[in-house]
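Let's take a walk through this structure together, one stop at a time. Have the sequence and the 3D view ready as you read.

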Amino acid sequence: MSKPVQIILIPSYDKSVSMWALEPLWEPYLETSRTFKIIVGATYQYMISLLYPTRFTLTSIEDPVVDSIRTAVDRLSNSTNFLHYLGKHALIMQEEFPSSSEDPIDDSTYHFMSLLLNLANTFLYMVNTYIIVPTADRYTMTLGAAATVCGVVIGSMAVAQVFSSVYFSAWSNRSYMRPLVFSSIVLLVGNTLYALAYDLDSLSVLLIGRLFCGLGSARAVNRRYISDCVPLKLRMQASAGFVSASALGMACGPALACLFQTNFKIYKLTFNEATLPGWAMVLAWLVYLLWLWISFREPSRETKENVVPDESTSAGRYIDSSPETKENALPQESNSGRFINISVDDNSTQPLLMNSNAKQQDEDGDEDCDDAEEDSKELQRPVNSIVSAYRLLTPSVKVQLLIYFMLKYAMEIVLAESSLITGYYFIWSTSSVAIFLACLGLTVLPVNVIVGSYISNIFEERQVLLASEVLVCIGILLSFHILNSYSLPQYVGSALLTFVSAEVLEGVNLSLLSRVMSSRLSRGTFNGGLLSTEAGTLARVVADGTITLAGYLGVSKVLNTTLVPSLFFCVCSIVATCFTYNSLY
């Protein structure tokens, strides 16, 4: 418990008093000496641990300076592991040298069930996105439309998500529970309309239902909750959980569609392979909404208004600015000295040197300090406008966003047109398409294990980035139908190569994006996660629209027509990467 005390400083020529008065001048040098000893000792122990890893480990030292050294060593040596690599996929930007003592999130305010609900929302939304892919073409044909209209049906959800991500990100500045409740209700309504479109025989109802599903995308809220409400020591695990939930949802969606091979009626409602995905998601979102209403806890957004930081010191001391302290403060100046109110702990004193020369120097430096203070505040200010966000996009960031657009476009082409292509060339059933898509989705985590645990520790991320782009380009080239016959091994092999290479590319792309992106984009409405989401969602919209437009040329022309833009975007990305290669580190 600290209390305000008054210290009277009286100029004196006594030797002992002058030595006491000069003690604050020694403190920076003593502190520097202690810090230097810690750094030398930690570096020595780390070098020893390289020679004798079983006996000496740097991880046994618990010190903020050592933590910073450990983080810097990992960064310079390009050392990573699966957890950190997977966590970077979420693009929830971390402090470069994090310190648990600077974490504003108290462990007592952290609520695990609320985090679990956010991850469940991520999982269910990805299931909702891909559960209709195996049956979308047959559903549109049942309603009297062409099979290629499935691109519009799948892409309408992404169109709505482009706009919903912005207002959900802005809404999360004020609340987390309300956006999640609203998202669940909108998704429940959207899936109901999607399922009822069959009995109503209306393609418009089908499209409106998918638009509602896109308007319920709360992935921006899920990212913001992890960034703002999860303690720093658990944030990387939570980010990895976010990515894992997305990957599992992507695989489970088509797998569930494989189980709905039935056809029956209850009253006037039809339940078959086309409508059951919608009804299943209605039930899932209803259960989730009840769980959310019972278990979610809104984080506290209160700030300490009675504590004002003492910006004159770098040690982080505080001056009590409560009314009682202000009443007790009696600042006076005279020839004999100066009264100064400070807050110190019991049984301790804080000597201050306030002579006329020091006072004059402080006044001269006030202007420079104010300028530096304004610059620091500007760097920490969150980005809440699209203009400010665009100004922070360097050429390296723009290239990484282009790469993210390209890989999402290529992946969406492979997934969205799979039922159409396999039905035309190989006459696959819905179950076969669902199993194929589920297998593609299940490759996400194993590939990330290999890249995050091994490849990223051997090669630089920019090297892996360029190699992955080349492999995606090769996969696209192999997918073209050039000869008279189009074989099953050619399609499956090229699709697998394109999809897996795009997965590897996505990991290193988002990891590099988190490094080259400004720290100001870590928070605020237009944060880095929102920008990457918008780029990926826009890519899906363009890809699904391309499939529908290509349908006017005939189903036989769809494959090559949709692959030409993929190849163009891929070549542009490779060229842009070469131009910015030296800045990607």
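Start with Ser239, which lies in helix H10 (residues 232-259); helices here are DSSP runs of H or I with at least four residues, strands are E runs of at least two, and both are numbered from the N terminus. Ser239 counts as buried, at 0% relative accessibility. Buried means under 20% relative accessible area, exposed means over 50%, and partly exposed is in between, with a 1.4 Å probe and protein chains only. What does the side chain of Ser239 reach? The backbone oxygen of Arg235, at 2.8 Å. That makes a polar contact, meaning a pair of N or O atoms within 3.5 Å; within protein, one must be able to donate a hydrogen and the other to accept it, and residues adjacent in sequence count only if both atoms are side-chain atoms.

Before going further, a word on what you're looking at. This is a predicted model, where local features need pLDDT of at least 70 and side-chain atom pairs count only at pLDDT 80 or more, while totals for chains, interfaces and linings use all residues. Residues are numbered from 1 along each chain as its sequence is written, and side-chain values use heavy atoms, with hydrogens and water left out.

Now for the core. In soluble globular proteins, nonpolar side chains tend to be buried together. The largest nonpolar core in this model has 127 residues, a nonpolar core being a set of buried Ala, Val, Leu, Ile, Met, Phe, Trp, Tyr and Cys residues joined through side-chain atoms within 4.5 Å. Leu115, Trp285, Tyr288, Phe296, Leu505 and Leu521 are the residues with the most contacts inside this core. Helix H15 (residues 395-416) gives the core its largest share, 14 residues.

Take Phe296 from that list and look around. Leaving aside neighbours within four places in sequence, Phe296 is in contact (heavy atoms within 4.5 Å) with Ser114, Leu117, Asn118, Tyr176, Met177, Leu180, Tyr225 and Trp291.

Helix H11 covers residues 276-295, 20 residues in total. From first C-alpha to last, H11 reaches 28 Å, close to the 28 Å expected at 1.5 Å a residue; the expected span is 1.5 Å times one less than the number of residues. Among the buried residues of H11 are Trp279, Trp285, Tyr288 and Leu292. What do the buried residues of H11 pack against? They pack against helix H4 (112-130), H7 and E3.

H7 itself (residues 177-200) has 24 residues and reaches 34 Å from its first C-alpha to its last, close to the 34 Å expected. After H7 comes Asp201, with a positive phi near 50°.

Two other spots have a positive phi. Tyr267 isn't a glycine, yet has a positive phi of about 60°. Tyr267 is found in the loop between strand E2 (263-266) and strand E3 (269-272), and at 81% relative accessibility it counts as exposed. Ile427, also a residue other than glycine, has a phi near 55°. Look for Ile427 in the loop between helix H16 (418-425) and helix H17 (430-442), where it counts as exposed at 72% relative accessibility.

On to charges. Side chains of opposite charge can pair when their charged atoms come close. The count comes to six salt bridges, taking a salt bridge as a side-chain nitrogen of Lys or Arg within 4 Å of a carboxyl oxygen of Asp or Glu. One of them joins Glu412 and Arg540, with the closest N and O atoms 3.8 Å apart. This pair links distant parts of the chain: Glu412 is in helix H15 and Arg540 in helix H21 (residues 528-550), 128 residues apart. Are the two partners buried or exposed? Glu412 is buried, at 4% relative accessible area, and Arg540 counts as buried at 11%. Another salt bridge brings together the side chains of Glu460 and Arg462, at 2.7 Å from N to O. Here Glu460 counts as partly exposed at 35% relative accessibility, whereas Arg462 counts as buried at 17%.

Last, the cysteines. How many disulfides are there? The count comes to zero, where a disulfide is a pair of cysteine sulfur atoms within 2.5 Å. Cys150 counts as buried at 1% relative accessibility, whereas Cys252 counts as partly exposed at 29%.
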